[in-house]
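Reader: Could you walk me through the side-chain contacts in this model? I would like to see how each answer is reached.

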Amino acid sequence: MSRHRHRLRVFVLLPLVVAAVGILAYFTVRTTLQIDTLRQQSVLEATLALATEKAVRIDRRLIDQDNVVMAIADPARLDELTERWIPTAQRETPSVRAILVLDETRTVLAFASRASAFSDEEAFRRLLVARIVGDMNLADLPPDELRHLHGEYDSQVYLLAYWQRVHEGRRYLVVARHDIGRIVRETLPMMLDRRESPRDENQSPKLVGTSATSRVNVIDEEGRIIYGPSLGTGEFTVAVRFPTTLYNWRVQVSPLASEEIASRVQNRRLLELAMMTISCVVIVAAAIVILLATEKDRRISALKSEFVANVSHELKTPLALVRMFAEMLQSGRVASPAKQQEYLDIIVREGERLSALIENVLDFARLERGRENYEFAEGEIGEAVKRAVIAYRYRIERQGVRVVLDIAPDLPRTRIDERAIQLAVVNLVDNALKYAPDGKEIIVRARSVDGSVRVDIVDEGPGIPEEDRERIFERFVRLTSARSVSDDSAPPVRGSGIGLALVKHIAESHGGRAWVECSGREAGSTFSFTVPTRQRTARRKFWDERDRSFDPGVHEPTRQTSRHQTAFSGRAKP
């Protein structure tokens, strides 16, 4: 039930995490797009504010000069107009070229000009009286209200400031002609190209220094450039009309490298979207890894629980037999010497079995703590293998299985822990006896192959699926379905699940490896491990080699010309 609940939590938690990540990704993408829009809007607003500021500043500059002219052009003192204006004209009204005062009949009563060409001024006077005055809105013009006329006459652009004055009941029209050429040559460069500083009066703080990062020009209604460089029509280019003076012209502003700004915005959007995608993938992957790790921990916990149960059963069985036969001998009810000897043999055999199991558990405990407690010395692996098989003869005899001991002569000596080698052989032989009880023969071979001594234990039991041949050497793993007896009704073979893990650990601690080979599911199995004859590297620890991959076909059997063979069978006596 707890297993089903765990799976239910896993299958519910993962979709919830994916859904949460999807929601987070949606709002992140939407926020990123909104932020990009706000960034672009901020750039446009700053550019528009700069263009407006420059247009207003130029407008104010011209209007300030018009206000000076309004103070000078007094209808009561028309005869003093030239004397009052010319001396201060260059300083106070640098762009004003001429001042004219007309009465209600459009007669020029006073005229003052800074131009040297009289003919040009006379032509302008005639043009003003004949055409330009007619285009001025004089009917609804209140006295002393300043207005401007900006237009083209006879292929020449004019900027005129005009207002009406009332003196002694009569209306007078005052007209100030601005020099367009001087405005383009002097006023526009001075007002558009200046670099702002925090000390500039009436300057918006957010516009300080913006000229240094923008390009500015002035264009007319048809897009022809009046002043400045060509800006094109970029995404961040804005144009603003002059408010009251040069209203047929526009100030156009474009940030420097506007294409670069647009590219940066696009790159930033792509970067943020990529980072968001990577973050979502990492979150989902982390959730999957956590779930897999949780499942693995749960599986290991279950395997450990099964291991404890199996070990308890394995300990209980020999202890019960030892106690039962010992009590029978103690009671004196066994009078036959043959029976007494049989019971003593059983006690000894079960005691050895119990000792072997305890040794396995102790070795496994050292393996779990990451401690290595091997005593290496020069020795012969063939002798160690032979002693292990001879010491295990009681179990072999009881099951009536013939064991063929095939030890090649003159095996090279190497540094080994003899007790550990014997433990590995005993575990493999015990594995063959438990999982191949119907087999008639077990072959134990030792031979020299490619600079190593290879030990093989060949049984006649069922084979092992290829996908399980590496997994079977993991701790707690017992593939009872693949290595079971042929009779499906027989009880499952019990075991601790640590024997093959210990074999692998012992082999790798000696610098070798352990594996299993099967030619088919019904052709038996060959469990093998190797020990190098020369210590190629320092003593290797199990946790450094646990993920080392290998090819089971590297070490192929080699034929020996002469062998030392010993056979143990159920009929032989020790």
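This is a predicted model: local features need pLDDT of at least 70, side-chain atom pairs count only at pLDDT 80 or more; totals for chains, interfaces and linings use all residues.

Reader: Let's turn to the rings. How are the rings of Phe-124 and Tyr-158 arranged: stacked, tilted or edge-to-face?

Author: The count of aromatic pairs comes to four. For Phe-124 and Tyr-158, the ring centres are 5.8 Å apart, and a pair needs centres within 6.5 Å. Their planes meet at 25°, and planes under 30 degrees apart count as stacked, so the arrangement is stacked.

Reader: How many residues apart in sequence are the parts that this pair of Phe-124 and Tyr-158 ties together?

Author: Phe-124 belongs to helix 3 (residues 118-132), while Tyr-158 belongs to strand 4 (residues 156-167). The pair therefore ties together parts whose separation in sequence is 34 residues.

Reader: Which residue has its charged end over the ring of Phe-124?

Author: Phe-124 also takes part in a cluster, where ring pairs link it with Tyr-153 and Tyr-158. In another contact of this kind, Arg-125 lies over the face of Phe-111, 5.1 Å from the ring centre. Over the ring of Phe-124, at 4.5 Å from its centre, sits the charged end of Arg-177.

Reader: Now for the charged pairs. Which residue forms a salt bridge with Glu-121?

Author: Side chains of opposite charge can pair when their charged atoms come close. The structure holds 24 salt bridges. In the one formed by Glu-121, the closest N and O atoms are 3.0 Å apart, and the partner is Arg-97.

Reader: How many residues apart in sequence are the parts tied together by Glu-121 and Arg-97?

Author: Both partners count as buried, Glu-121 at 2% relative accessibility and Arg-97 at 17%. Glu-121 lies in helix 3 and Arg-97 in strand 1 (residues 96-102), so the pair joins parts with a sequence separation of 24 residues.

Reader: What about the salt bridge of Asp-154 with Arg-131: is Asp-154 buried or exposed?

Author: The closest N and O atoms of this salt bridge are 3.0 Å apart. It links the loop between strand 3 (147-153) and strand 4, where Asp-154 lies, to Arg-131 in helix 3, 23 residues apart. Arg-131 is partly exposed, with a relative accessible area of 40%. At 57% relative accessibility, and with the cut-off at over 50%, Asp-154 counts as exposed.

Reader: How far apart are the closest N and O atoms of Arg-402 and Glu-441?

Author: Arg-402 is in strand 11 (residues 402-407) and Glu-441 in strand 13 (residues 441-449), 39 residues apart. Each is partly exposed, with values of 35% for Arg-402 and 23% for Glu-441. They form a salt bridge, and the distance between their closest N and O atoms is 2.4 Å.

How values were computed
Residues are numbered from 1 along each chain as its sequence is written. Side-chain values use heavy atoms; hydrogens and water are left out. Rings of Phe, Tyr and Trp (its six-membered ring) pair if their centres lie within 6.5 Å; planes under 30 degrees apart count as stacked, over 60 as edge-to-face and the rest as tilted. Helices (H or I, at least four residues) and strands (E, at least two) are DSSP runs, numbered from the N terminus. A charge sits over a ring if NZ of Lys or CZ of Arg is within 6 Å of the ring centre and within 35 degrees of the ring normal. A salt bridge is a side-chain nitrogen of Lys or Arg within 4 Å of a carboxyl oxygen of Asp or Glu. Buried means under 20% relative accessible area, exposed over 50%, partly exposed in between (1.4 Å probe, protein chains only).
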